[in-house]
Amino acid sequence: MKTIIEPFRIKAVEPIRMTTRAQRQELIEAAHYNLFSLKSEDVIIDLLTDSGTSAMSAAQWAGIMQGDESYAGSPSFHRFEAAVKELMPFKHVIPTHQGRAAERILMEVVASEGHVIPSNTHFDTTRANVESTGAEALDLVISEGRDPELEHPFKGNIDTKRLNALLSERGDDVPLVMLTITNNSGGGQPVSMANIREAKAVCAEHDTPLFLDACRFAENAYFIKQREDGYGDKSIPDIVREMFSHADGMTMSAKKDALVNIGGWLALNDDTWAMHARNQLILTEGFPTYGGLAGRDLEAIAIGLKEIVEEDYLEYRMASTRYLGRALTEMGVPIVRPVGGHAVYIDAKSLLPHIPPLEYPGQALAVALYLTGGIRGCEIGSVMFGRQADGSEEPAAMELVRLAIPRRVYTQSHVDYVIEVFEDVYDRRDELSGYTITEEPPQLRHFTCHFEPK
Ligand code: F0G
């Protein structure tokens, strides 16, 4: 059969509240044109993020009832730890309430003023957690990864030549190297096994640990299976295990590829770092057998980790993202190619060339999608990355709008609706205008800043 169906039936539903364009105009004005400030019930199709928005399975909900809420030594922790180690055999597994808590703890343990933490591309919370220690967060993605139109199977790869040069020059200042799989800020693009292996070889030469920011590890593994020679016949769990065999540790947001609404972990082999990390954990998250989570959350993660590596699921997941990407491409909308795992990224700079980067073409497109059809996407461009540590403002490398697809939530007809809304916005693209920022906090401004239309 050529139709790849959703490999699940729907057992519980959440109603979507419809709104009119006039209502949305009022709502977005009240939100100061910041889509993060909207109430989610005022959104028709919410593609703001794939994080924490997954639909859990019947098995996961059943697991919730099995949660053991003991303060210390809960069997739920042991089931969680075993499920993590089954795929990611690190010595220490430290649960946290979500990914950024794992990042904060790791950075507090390893980084300080004068250090550099390279990555292919740091996600915004990772970058902020690196910078808050006084260290520098450096992006070393391959040059192909910065060109939205260019087709390349692994645009998330790190530039190992530049990594080697950095480690040769300033090795003592680099406590660890990170690799984000898939590369979210660069368009949800995968990293090849060969690149993980090479990055590890470069790190090993300089005695520097390699950590994976592994939020979307299963999607990355599926891309390896599809696109990399020698992996077509391997099972997803085997590919996952090989990916992690090259790493010394990982940070994880379980809100993505563990199919749960909250959770994360830090896993690593180094005993001393693990001891310091657990101390940090106890200070702000909780005892090491629950981190910032309830026992029931740990159960849901343990089950989610089994479901996420099922090939029927991953095939449907990739097909649904590709379906949206293909329709937009056929319409003439410029998108980051090839389509990433969890999202379609629209190149707003090419779509709206009349809006200069510092008038935020991505924001203009995101607001237009909301006004036209109640769709909420997310700007990943100069609003998110434009403010520099020294207070100046620079255009970001790309002006993207991300339409992230929650896992197991929307059906093909929801996606058809998104496509129809896009047709309308595309026809009126020359009429869209830019924005100015009228109020912003000192860090991570995109979450709370206020805009006004130009
Ligand atoms: N690393 C990557 C690559 C991410 O995409 C995220 C979150 C995090 C770390 C932090 O994890 O949210 O659990 O604290 N990304 C979400 C997103 C927010 O919308 O892409 P967290």
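These are my notebook entries on what I looked up in this predicted model.

**Ground rules**

I count residues from 1 along each chain, in the order in which its sequence is written. Since I am working with a predicted model, local features need pLDDT of at least 70 and side-chain atom pairs count only at pLDDT 80 or more, while totals for chains, interfaces and linings use all residues.

**Entry 1: the annotated domain**

I looked up the UniProt record, an unreviewed entry, and found that its annotation "domain: Aromatic amino acid beta-eliminating lyase/threonine aldolase" covers residues 46-419. I noted that UniProt positions are given in the numbering used here, that feature names are shortened, and that annotations may be inferred rather than shown by experiment. In the model, the span 46-419 is 44% helix and 13% strand, and its end C-alpha atoms lie 14 Å apart.

**Entry 2: around the ligand**

Which residues come nearest to the ligand? I found Thr 49, Gln 98, Gly 99, Arg 100 and Ser 253, out of the 15 residues around the ligand; a residue counts as near if its C-beta atom, placed from the backbone, lies within 6 Å of the molecule or strand in question. Helix H4 (99-110) and helix H5 (124-131) each supply at least two residues of this shell. By class, the shell holds 2 nonpolar, 10 polar and 3 charged residues. In this sorting, Ala, Val, Leu, Ile, Met, Phe, Trp, Tyr, Cys and Pro are nonpolar, Asp, Glu, Lys and Arg are charged, and the others, Gly among them, are polar.

The unreviewed UniProt entry places the feature "modified residue: N6-(pyridoxal phosphate)lysine" at Lys 256, and I located Lys 256 in the loop between strand E7 (249-253) and strand E8 (264-268). Is Lys 256 buried or exposed? Lys 256 is buried, because 29 other C-beta atoms lie within 10 Å; the rule is that a residue is buried with 20 or more other C-beta atoms within 10 Å of its own, exposed with 12 or fewer, and partly exposed in between, with C-beta atoms placed from the backbone. Not counting residues up to four places away in sequence, Lys 256 touches Asp 50, Ser 51, Cys 215 and Arg 216, where contact means that the two C-beta atoms, placed from the backbone, lie within 7 Å.

Leu 259 is also found in the loop between E7 and E8, and I noted its positive phi of about 60°, although Leu 259 is not a glycine. Leu 259 is buried, with 24 other C-beta atoms within 10 Å.

How do helix H8 (residues 217-227) and helix H9 (residues 236-245) cross? Their axes come within 9 Å and cross at roughly 105°, so H8 is roughly perpendicular to H9. The axes are lines fitted to C-alpha atoms, for helices over the stretch in contact, with angles running from 0 to 180 degrees between N-to-C directions. Angles under 35 degrees count as roughly parallel, over 145 as roughly antiparallel, 65 to 115 as roughly perpendicular and the rest as oblique. On the H8 side the contact is made by Phe 217, Ala 218, Ala 221, Tyr 222, Ile 224 and Lys 225, and on the H9 side by Ile 236, Ile 239, Val 240 and Met 243. I sorted the contact of H8 with H9 into 9 nonpolar, no polar and 1 charged residues.

**Entry 3: backbone details**

I found a cis peptide bond between Ile 181 and Thr 182, with omega about -15°, and Thr 182 lies in the loop between strand E5 (177-180) and helix H7 (193-205). A cis peptide bond also joins Arg 337 and Pro 338, with omega about -10°, and Pro 338 lies in the loop between helix H12 (311-331) and strand E9 (343-347).

**Entry 4: Leu 35**

I placed Leu 35 in the loop between helix H1 (21-30) and strand E1 (45-46), and Leu 35 counts as buried because it has 22 C-beta neighbours inside 10 Å. Leaving aside neighbours within four places in sequence, Leu 35 is in contact with Leu 48, Ala 366, Tyr 370 and Arg 376. Leu 35 and Gly 377 are 342 residues apart along the chain, with their C-alpha atoms separated by 7.9 Å.

Conventions: Helices (H or I, at least four residues) and strands (E, at least two) are DSSP runs, numbered from the N terminus.
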